[in-house]
Amino acid sequence: MLMLALASGLPAFGSGIAISVLYALSLGGAYGSQQAINAAGYAQYFGRDHLGAIRGASFVFGIAGAAFGPLPFAASIDWTGSYAAVLIGCCVLCLACGAGAFAVKRPSSSTKPMSNCEQTS
């Protein structure tokens, strides 16, 4: 989240080749690490029994976020004439989510394991 916050904040405070290179490196690092963390994190936190259903449900929210994501950027251009306000807001949101991740506790495991192949008599 720190790398994504950096990628969000850089264009708000400068331009040029150096900012562009730092932006590309931080955004690439953020998305690359996100893929590895997601792959291991879902299985670690939720188990493998219902992993497809859980990932499918989270995919819906990801697509919805991608669909509605451009709206704050359009509003920022209309209201302020630049993207700086929304980029700074995204940077702050990334930092808040990253800090909040440390407060999230690991789900407790149930006493009875869930299985897709439970037999009933």
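Modeller: Gladly; a word on terms comes before the rest, since contact here means heavy atoms within 4.5 Å, and please keep in mind that this is a predicted model.

Colleague: Is Ser26 buried or exposed?

Modeller: Ser26 has a relative accessible area of 5%, and because the cut-off for buried is under 20%, Ser26 counts as buried.

Colleague: And which backbone oxygen does its side chain reach?

Modeller: The side chain of Ser26 reaches the backbone oxygen of Tyr23, at 3.1 Å.

Colleague: Switching to Ser76, where is that one?

Modeller: Ser76 sits in helix α4, residues 70-80, and it is buried, with 5% relative accessibility.

Colleague: What lies 2.6 Å from a polar atom of the Ser76 side chain?

Modeller: That is the backbone oxygen of Ser82, and Ser82 is also among the contacts of Ser76 beyond four places in sequence, together with Gly81, Tyr83, Ala85 and Val86.

Colleague: New topic: which residues form the nonpolar patch on the surface?

Modeller: Phe13, Ile88 and Val92 form it, and together they have about 320 Å² of accessible area.

Colleague: Why does Phe13 count as exposed?

Modeller: Phe13, which belongs to helix α1 (residues 2-13), has 67% relative accessibility, and because exposed means over 50%, Phe13 counts as exposed.

Technical notes:
Residues are numbered from 1 along each chain as its sequence is written. This is a predicted model: local features need pLDDT of at least 70, side-chain atom pairs count only at pLDDT 80 or more; totals for chains, interfaces and linings use all residues. Side-chain values use heavy atoms; hydrogens and water are left out. Buried means under 20% relative accessible area, exposed over 50%, partly exposed in between (1.4 Å probe, protein chains only). A polar contact is a pair of N or O atoms within 3.5 Å; within protein, one must be able to donate a hydrogen and the other to accept it, and residues adjacent in sequence count only if both atoms are side-chain atoms. Patches are made of residues with over 30% relative accessible area and no salt bridge: like charges are joined within 9 Å, nonpolar side chains (Val, Leu, Ile, Met, Phe, Trp, Tyr) within 5 Å. Accessible areas come from the Shrake-Rupley method with a 1.4 Å probe; for residues, only the protein chains shown count as cover. A salt bridge is a side-chain nitrogen of Lys or Arg within 4 Å of a carboxyl oxygen of Asp or Glu. Helices (H or I, at least four residues) and strands (E, at least two) are DSSP runs, numbered from the N terminus.
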